[in-house]
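Visitor: Could you walk me through this protein, one residue at a time?

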Amino acid sequence: MNLNDHSQNLIKSTELYSSNMESLNINSNLIEKLPIYINGQEKIATGLTKTTTIGDIKFAMLSVTDSNFKPEHLEHYAIFEKWQGNERILDDKIKIYKLLRLWKSLPGDQLQHVRFVIKMR
């Protein structure tokens with residue numbers, strides 16, 4: 001897999017610090033930070049835009065957090081969306097901005113209860 005400019009920018013801007021979904025600002029064209037869980041640890045993806053896909057996030061996060069990660073093994077991993085005991089695999093083509101806006105639009109701001117987890121399929 002070749003790195004496109006967007007994935008390179010995500011890798012450069014990925015930071016490792018704590019956050020929470022309540023402070024997530026998705027009203028602009030840029031998502032400031034998004035908690036992603038890898039190996040039970042919270043990591044933060046930053047620099048996400050309206051065009052950022054689940055696949056972009058998965059590649060960038062694995063590239064900076066797993067020293068043994070090889071791009072040719074990317075299909076062995078997925079981002080799972082967890083909410084109230086339910087879990088589903090997110091398609092790599094889904095745009096994270098649209099998904100977050102959908103969650104944010106639900107009654108009671110359900111987004112604060114959602115976790116995104118990267119793990120083996």
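Visitor: Where does Thr53 lie?
Guide: Thr53 lies in the loop that connects strand E2 (41–49) with helix H2 (54–65), where helices (H or I, at least four residues) and strands (E, at least two) are DSSP runs, numbered from the N terminus. This is a predicted model in which local features need pLDDT of at least 70, side-chain atom pairs count only at pLDDT 80 or more, and totals for chains, interfaces and linings use all residues. Residues are numbered from 1 along each chain as its sequence is written, and side-chain values use heavy atoms, with hydrogens and water left out.

Visitor: Is Thr53 buried or exposed?
Guide: Thr53 counts as buried because its relative accessibility is 14%, and buried means under 20% relative accessible area, with a 1.4 Å probe and protein chains only.

Visitor: Which residues is Thr53 in contact with, leaving aside neighbours within four places in sequence?
Guide: Those are Asp92, Lys93, Ile94 and Lys95, where contact means heavy atoms within 4.5 Å. For Asp92, the backbone oxygen lies 3.5 Å from a polar atom of the Thr53 side chain.

Visitor: And how many residues apart in sequence are Thr53 and Ile96?
Guide: They are 43 residues apart in sequence, while their C-alpha atoms are 5.6 Å apart in space.

Visitor: Changing topic, how many helices and strands does the protein have?
Guide: The protein has three helices and five strands, and along the sequence they follow the pattern α-β-β-α-β-β-α-β.

Visitor: What share of the protein is buried?
Guide: Of the 121 residues in the protein, 41% are buried.

Technical notes
Buried means under 20% relative accessible area, exposed over 50%, partly exposed in between (1.4 Å probe, protein chains only). A polar contact is a pair of N or O atoms within 3.5 Å; within protein, one must be able to donate a hydrogen and the other to accept it, and residues adjacent in sequence count only if both atoms are side-chain atoms.
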